[in-house]
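Me: I would like to learn how to read a structure. Can we go through one together, feature by feature?

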Amino acid sequence: MTQSSGLHFKTTVLILIMISVAPLGDTFLGKGMKQIGAMPGWAPADLFHFFFRAFTNGTIWIAIGLLLAFFIAYLLVLSWADYSYVQPASSASYVLIALLAHFILYEHISLVRWAGVAVICIGVFAVGRTSPRTPEHHSW
Amino acid sequence: MVTQVVLYMMVVFVGTGGELFVSRAMKTIGEVTDFRPSAIARVVGRAFMLPRMWMGISLMALAFFALLGMLSVSKVSFVFPSTALSYAAGALGGKIFLREKVTPQRWFGVLLVCIGVVLVFVGKS
C-alpha cells in the first residue's frame with residue numbers, strides 16, 4: 001500500500017465512523033430535546049432550568065456518548081487531514097440524519113428539503129475527490 | 001424568531017470557530033499513525049494539554065448549547081442540514097486562518113453544499 005493510498009484508506013475509515021455515529025447521536029439529541037420542550041427565554045434562571053432538564057435526560061446522554069465517539073474519530077482524522085476536506089466530507093451524514101428523522105422521529109420532509117439534502121451530498125462527493133491534505137501552512 | 005436566528009448564528013459561526021481551533025491544535029500534535037487504544041488515549045491526552053484545544057472545545061460547547069436550544073423547537077431534519085452553512089464558513093476559515101489550499105473543486109463542492117442548505121430552508125414550510 002502506497003503512502004497516498006494508506007492516507008486515503010485511514011481517512012475513509014474514520015470518516016465512515018464519523019458519518020455513522022453522528023446521525024444517530026443527532027437523532028437521539030433531537031428526540032431528547034423534544035421531550036424537554038421549547039427554550040423558555042434568555043434569563044439566566046430560565047437557561048439554567050432548561051439545561052438542567054436537558055442534562056438530566058437519559059436520551060440526551062445516549063446522544064452525548066455517540067457524539068463523543070464521533071468527536072474522537074474527528075480529532076484523529078484532523079491530525080493529518082485538512083479541515084476544509086474533513087468538514088464537508090463528513091457532511092454525508094446529513095442523508096442519514098434525514099432518513100432517521102423520517103423513519104424514527106416520523107418527521108415530514110418535503111420534496112424540496114430532500115432535494116437540498118441530495119445537493120449537499122453531491123457537494124460532499126465533489127469535496128471528497130480532492131486530496132485530504134495540502135502542503136504545510138499554519139499561521140497561528 | 002429572533003431567538004432562532006441568534007441560536008442559528010451561534011451554531012454556525014461559533015461552532016466553526018471552535019473547530020478551526022481544534023484543527024489547528026491537532027495539526028500541532030502531528031499525524032496519528034498508531035491506532036491502538038493506549039496510543040489514541042495518549043494523543044487525546046496530549047491534545048488536551050494545548051490551550052488552543054481548550055479554546056476550541058469552549059467555543060464548540062457554546063455552539064452545542066445553542067444547538068440544543070434550536071432542537072427544542074425545530075425539526076431534526078431542518079436543524080442539521082441548515083447548519084451545513086458552517087461548511088462554507090469552514091472552508092473560508094481553513095483558507096484564511098489555517099492557510100489551507102482550497103482547490104477550485106473543493107470550492108465547487110462547498111458551493112453545492114450552500115445551494116443544498118438554501119433548498120433545505122426553502123423546503124421548511
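Reply: Take B:L71 to begin. Leaving aside its neighbours within four places in sequence, B:L71 is in contact with A:L29, A:G30, A:M33, B:V76 and B:V79. Two residues are in contact if their C-beta atoms, placed from the backbone, lie within 7 Å. A word on the source: this is a predicted model, where local features need pLDDT of at least 70, side-chain atom pairs count only at pLDDT 80 or more, and totals for chains, interfaces and linings use all residues. Residues are numbered from 1 along each chain as its sequence is written, while chains are lettered from A and ligands numbered from 1 in the order in which they are written.

Me: Which residues touch the most other members of the largest nonpolar core?

Reply: In soluble globular proteins, nonpolar side chains tend to be buried together. A nonpolar core is a set of buried Ala, Val, Leu, Ile, Met, Phe, Trp, Tyr and Cys residues joined through C-beta atoms within 7 Å. Buried means 20 or more other C-beta atoms within 10 Å of the residue's own; exposed means 12 or fewer, and partly exposed lies in between. Here the largest core has 78 residues, and A:M18, A:V77, A:L78, A:Y94, A:I120, B:L71 and B:V113 touch the most other members. Helix α1 of chain A (residues 3-36) gives the largest share of this core, eleven residues.

Me: How many helices and strands does each chain have?

Reply: Helices (H or I, at least four residues) and strands (E, at least two) are DSSP runs, numbered from the N terminus. Chain A has six helices and zero strands. Chain B also comes to six helices and zero strands.

Me: What does the radius of gyration say about chain A?

Reply: The radius is taken over C-alpha atoms, and the globule rule is 2.2 Å times the number of residues to the power 0.38. For the 140 residues of chain A the rule gives 14 Å, but the radius is 18 Å, well over that, so chain A is more spread out than a compact globule. The C-alpha trace of chain A spans about 55 × 40 × 25 Å along its principal axes. In chain A, 45% of the residues count as buried.

Me: How many residues of chain B are in contact with chain A?

Reply: The size of an interface is often given as the accessible area lost when the parts come together. Here we count residues instead: 52 of chain B are in contact with 52 of chain A. On the chain B side, α6(B) gives the most, with 13 residues. By class, that side has 30 nonpolar, twelve polar and ten charged residues. Ala, Val, Leu, Ile, Met, Phe, Trp, Tyr, Cys and Pro count as nonpolar, Asp, Glu, Lys and Arg as charged, and the others, Gly among them, as polar.

Me: Which residues of α6(B) are buried?

Reply: An α-helix has 3.6 residues a turn, so residues three or four places apart point the same way. In α6(B), the buried residues include B:G109, B:V113, B:G116 and B:V120. The buried residues of this helix pack against α4 (83-89) and α6 (111-128) of chain A, together with α4 and α5 of chain B.

Me: Is A:Y106 buried or exposed?

Reply: A:Y106 has 7 C-beta neighbours inside 10 Å, so it counts as exposed. A:Y106 sits in the loop between α5 (93-103) and α6 of chain A. Its phi is near 55°, a positive value in a residue other than glycine.
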